[in-house]
Amino acid sequence: MSTVIQDRTDATSTELDLAPLSPRLGAEVRGLRLSGSLAPSTLAALKAALLRHRVLFLRGQQHLDDAGHEAFGRLWGEIEPHPTVPAPDGTRFLELDSRHGGRADSWHTDVTFRVAPPKVCILRAVVLPPLGGDTVWANTVAAYEGLPDELKAIADRLWAIHGNDFDYAESRVSEGASAQETAGRRQYRAIFTRTVIEAEHPVVRVHPETGERALMLGHFVKRLARLSTSESRHLFDILQSRVVRLENTVRWRWSQGDVAIWDNRATQHYALNDYGDAHRVVRRVTVSGDVPVSVDGRRSVDLTAAAAQ
């Protein structure tokens, strides 16, 4: 299945006003008001569009409050709270607040340290800085398909250990970062890693709905299984660099009321940390996913559960 959008048949054009944003991923959905009571045909069209474009963007959703955001998320499946970061009172959100260290400025697929990472994530802008704070997504299917056959053969056999105690929300503070940002990152990392969770996943997972192969990497990867530290780092860097090639990415400049929906099984993303101490708050609804499967049919392993036995 091709990853180039214009080469695909558009099965959703009769239901949605879609404007593709790049050849390999991303589309804006125009004129749709999100809610927890969408018509079944509209929801089916959204789901088809997501499989095709990997990430969808909708502007003008200022009507969507916390309850409406969660109700819309439930249309996609069971929603789940973050395993370590407490949700705001009365919700199941992951909230990223820049004043408390919530700056996801490293390439990642969400929650891959769990044996069953989310399938879909729905992000809503709550507070935006005057400038900056864009988010970039990358197409991990296109990254795999662009590999030479020799690298595909290697990647197909690789497995990786993912853990929440590696890199995410670490004190990745550049020179000149404020004391507020530095303290916030340290506090957030302490919360994020208060319980260590690990899983072993195939580096190449088969998408359960499309059958496509996608690279499953990102900053939660601690090491590649059964390889030396040096070998692991070199191979990871080679494969991860394919994911984040500019041709495989799309960048979204947020406005108040924007919502982004992405297929977490076929993408990575990165939130730009270029707005200093300006305030940025986004809230994410996370839809439960399934256990990844490798190209030879093996399922991911819950290392945390195995260690507890």
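Strand 9 (residues 198-202) is mostly covered, with 4 of its 5 residues buried; buried means under 20% relative accessible area, exposed over 50%, and partly exposed in between (1.4 Å probe, protein chains only). Helices (H or I, at least four residues) and strands (E, at least two) are DSSP runs, numbered from the N terminus. The structure is a predicted model, in which local features need pLDDT of at least 70 and side-chain atom pairs count only at pLDDT 80 or more, while totals for chains, interfaces and linings use all residues. Residues are numbered from 1 along each chain as its sequence is written, and side-chain values use heavy atoms, with hydrogens and water left out.

Strand 9 pairs with strand 8 (residues 159-163) in the antiparallel sense over 5 bridges; two strands pair if DSSP finds at least two bridges between them. Within this pairing, Glu198 of strand 9 is the bridge partner of Gly163. Strand 9 is also joined to strand 17 (residues 301-302) by 2 bridges, again antiparallel, and here Glu200 stands opposite Val301.

A further open sheet is formed by 3 strands in the order 13-7-15, with antiparallel pairing. Its edge strands, each pairing on one side only, are strand 13 (249-252) and strand 15 (267-271). Neighbouring strands of this sheet are turned by 20° against each other on average, direction ignored; axes are lines fitted to C-alpha atoms, for helices over the stretch in contact, and angles run from 0 to 180 degrees between N-to-C directions. Strand 7 (residues 135-139) and strand 15 are paired over 5 bridges, and Asn139 has Thr267 of strand 15 as its bridge partner.

The whole structure contains 6 aromatic pairs. Rings of Phe, Tyr and Trp (its six-membered ring) pair if their centres lie within 6.5 Å; planes under 30 degrees apart count as stacked, over 60 as edge-to-face and the rest as tilted. One of the pairs is Phe57 with Trp137, which is edge-to-face at 5.2 Å centre to centre with 70° between the planes. Phe57 lies in strand 3 (residues 55-58) and Trp137 in strand 7, so this pair ties together parts that are 80 residues apart in sequence. Both Phe57 and Trp137 are buried. Phe113 and Phe220 form an edge-to-face pair as well, at 5.0 Å centre to centre and 75° between the planes. Phe113 is in the loop between strand 5 (94-97) and strand 6 (120-127), and Phe220 is in the loop between strand 11 (213-215) and strand 12 (221-224), 107 residues apart. Phe57, Trp137, Trp252 and Trp262 form one aromatic cluster.

Helix 1 (residues 40-53) has 14 residues and reaches 20 Å from its first C-alpha to its last, close to the 20 Å expected; the expected span is 1.5 Å times one less than the number of residues. Its buried residues include Leu43, Leu46 and Leu50. The buried residues of helix 1 pack against several elements, among them strand 3, helix 2 (66-74) and strand 14 (259-263). Leu50 has a relative accessible area of 2%. Leaving aside neighbours within four places in sequence, Leu50 is in contact (heavy atoms within 4.5 Å) with residues including Trp76, Val120 and Trp262. Just after helix 1, Arg54 takes a positive phi of about 75°.
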